[in-house]
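Me: Hi, could you walk me through this one? I have not looked at it before.

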Amino acid sequence: PDTVENCLDWIDVAQKITDSAAHDQHTAPLLSIAMAVISPLFINAYNITIMRLAIESGYPILSTGCPMAGATSPFSVMGTFVQANCEALLPVLITQLFKSGHPVLYGMGPSITDMRTGTDQYYRIEKMLFKVMANQMGQYYQLPTSGEAGGSLTHLYDMQNGAESMSFLLASLTGGQNIIGGLGSLGNANGMSSEQIIMQCALVDMAGYLSRGISMEELVSGT
């Protein structure tokens, strides 16, 4: 949600669905609420309010920070990752201050600034490195991890799109990312499409199969 009112609307809709379906949203919540961190290291007051509303309603919190290397964070991959890690931990810490033990997921979405044009390149190959490091840090903190599926710099359904989408999904799944969101993103994260969702759902299955590898038990038994 981008405003407090929008957050209340989502919570109201989710509550009506759970009531009509006799669903226990506390054991299996329909929503998770993204907590935006503005780079560098800044959280708006209304985002804190959104977080409190989500916690009071029993919805998990997702860390959402998107530092841009060379613009809102250091240009180096490691420098941006250090900042992104701090920003990803802010919602975790604030959530636990409000309600100890409340579910919260560690995540980030850094990108690279094209220094020639000043544009943000959201799906450059460095995204794979950020995903791998984020999953490793999430496991180090013993936190579940979340992140975008990854998309493509192009808006076309072509070889570049397939290669970039598969690369990011492999980094997510082999790293043990717990929640993969944002299926269907393309055109440097400026758009989404139903065709892209279908294609990426198939790639998720392929990447998941590859990330599981081969079991030695299967090899011995021949099954």
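Predicted model: local features only at pLDDT ≥ 70, side-chain atom pairs only at ≥ 80, totals over all residues.

Me: OK, how many helices and strands does the chain have?
Reply: The secondary structure of the chain amounts to seven helices and 10 strands.

Me: And which radius of gyration does the chain have, against what a compact globule would have?
Reply: The chain has a radius of gyration of 19 Å, which agrees with the value near 17 Å that a compact globule of 223 residues would have. Along the principal axes, a box of roughly 55 × 45 × 35 Å is filled by the C-alpha atoms.

Me: What share of the residues is buried?
Reply: Of the 223 residues, 42% count as buried, while the accessible surface of the chain comes to about 11,800 Å², with 63% of that belonging to carbon and sulfur atoms.

Me: Switching to strands, which ones pair with β4?
Reply: Strand β2 (residues 61-65) runs parallel to β4 and is joined to β4 by two bridges, with Ile61 standing opposite Val104. Strand β7 (residues 145-148) also pairs with β4 in the parallel sense, over two bridges, and there Thr145 is the bridge partner of Tyr106.

Me: Which way do the residues of β4 point?
Reply: In strand β4 (residues 104-107), Val104 and Tyr106 point one way whereas Leu105 and Gly107 point the other way, and all are buried. In a regular strand, side chains alternate between the two faces of the sheet.

Me: What about the sheet with β5, what order does it have?
Reply: That is an open sheet of three strands in the order β3-β5-β6, with mixed pairing. Because β3 (68-69) and β6 (120-121) stand at the edges with a single partner strand each, one side of each is left without a neighbour in the sheet.

Me: How do β5 and β6 run?
Reply: Strand β5 (residues 111-113) and β6 run antiparallel and are joined by two bridges, and Gln121 in β6 is the bridge partner of Ile112.

Me: Last topic, is Arg212 buried or exposed?
Reply: Arg212 lies in helix α6 (residues 194-212) and is exposed, because its relative accessible area is 62% and the cut-off for exposed is over 50%.

Me: And what separates Arg212 from Ala69?
Reply: Their C-alpha atoms are separated by 32 Å, and Arg212 and Ala69 are 143 residues apart along the chain.

Technical notes:
Residues numbered from 1 in each chain as written. Heavy atoms only, no water. Helix = DSSP H or I, 4+ residues; strand = E, 2+ residues; numbered from the N terminus. Rg over C-alpha atoms; globule rule 2.2 N^0.38 Å. Buried < 20%, exposed > 50% of the residue type's maximum accessible area, 1.4 Å probe, protein only. Areas by Shrake-Rupley, 256 points an atom, 1.4 Å probe, with all protein chains shown as cover. Pairing = 2+ DSSP bridges.
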